[in-house]
Amino acid sequence: MVRDFVVLPKGVARRHAEVVVYVRSQYSCPPTEDNHVLCMTGMVEGWRNGVNRANRPELTAHAFFHGDIVQVRVPDEAVAGFLPIMEEVISPGAELYDVTFEVFVRSSSRRTVDVDIGGEHSFSSVSLRELHYWVPNLHKYARTPFVIVTRPNDDTSLIQAYRGAVFHNPDDPITYTLEVVRDSGARRYNADPKLDDPALVADLIWDWAEERWDRLNELRWSKSDSSDRTSLVQSLDD
């Protein structure tokens with residue numbers, strides 16, 4: 001999958017529709033010499049040179065310059081390395097907008113994990129900010145509103161969240177089923193009761209990605225084993 005970003009002057013747009021209008025207004029304009037445009041020119045060229053030296057053409061990012069905006073297309077497998085550099089080089093007078101997920105990007109750390117959203121979108125890294133945007137909007141991204149996060153080279157454990165219920169009463173609040181799987185499914189833990197705060201769900205998934213267990217172990221968990229026996233446990237170590 002390819003992620004689309006746009007670098008634009010700070011303050012010219014606040015919402016997705018405004019970003020679209022502003023970007024279109026720049027299409028017929030020659031590239032300016034604004035600092036963020038010049039910085040992105042050098043950054044993309046440097047990235048392309050590094051990719052060529054490493055013989056990794058699949059990591060090539062493409063930039064398109066119009067007026068005072070820069071449109072950038074980044075392969076998902078390159079986002080973890082490309083995005084932090086892009087965040088650093090844009091000037092204080094510019095902003096970075098994630099077109100794919102319709103959200104402004106603020107500087108944030110990333111973790112190298114595999115992310116599956118509804119079986120329709122996959123990514124090889126994630127930031128806490130992205131999780132905070134994705135979790136409450138899972139139903140917008142996929143017909144089946146779930147997110148699964150796994151670690152590379154580890155097929156024995158995962159964390160996943162499902163938004164809502166199969167048969168949801170419109171008058172009921174939206175809840176999230178949060179599950180942690182260990183030992184290739186021999187141990188499955190479901191948060192009990194279900195969670196109703198998407199921000200907390202995002203935080204807990206981030207904690208799992210960082211292998212921080214304090215908040216996760218504060219929850220009550222229903223544990224199922226390979227024999228489908230279920231019991232309430234105090235922590236994910238039980």
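In strand β4, Ala 94 is the bridge partner of Pro 9. The structure is a predicted model, in which local features require pLDDT of at least 70 and side-chain atom pairs count only at pLDDT 80 or more, whereas totals for chains, interfaces and linings use all residues. Residues are numbered from 1 along each chain as its sequence is written, and side-chain values use heavy atoms, with hydrogens and water left out. Helices (H or I, at least four residues) and strands (E, at least two) are DSSP runs numbered from the N terminus.

Strands β1 (residues 2–9) and β4 (residues 94–98) run antiparallel and are joined by five bridges; pairing of two strands requires at least two DSSP bridges between them. Axes are lines fitted to C-alpha atoms, for helices over the stretch in contact, and angles run from 0 to 180 degrees between N-to-C directions; contact denotes heavy atoms within 4.5 Å.

Elsewhere, Ser 224 is placed in strand β14 (residues 221–225). Ser 224 counts as buried because its relative accessibility is 17%, the cut-off for buried being under 20% relative accessible area (1.4 Å probe, protein chains only). Apart from neighbours within four places in sequence, Ser 224 is in contact with Ala 186, Arg 187, Arg 188, Arg 229 and Thr 230. The side chains of Ser 224 and Thr 230 make a polar contact (3.3 Å), defined as a pair of N or O atoms within 3.5 Å; within protein, one must be able to donate a hydrogen and the other to accept it, and residues adjacent in sequence count only if both atoms are side-chain atoms.

Definitions and conventions
Buried < 20%, exposed > 50% of the residue type's maximum accessible area, 1.4 Å probe, protein only.
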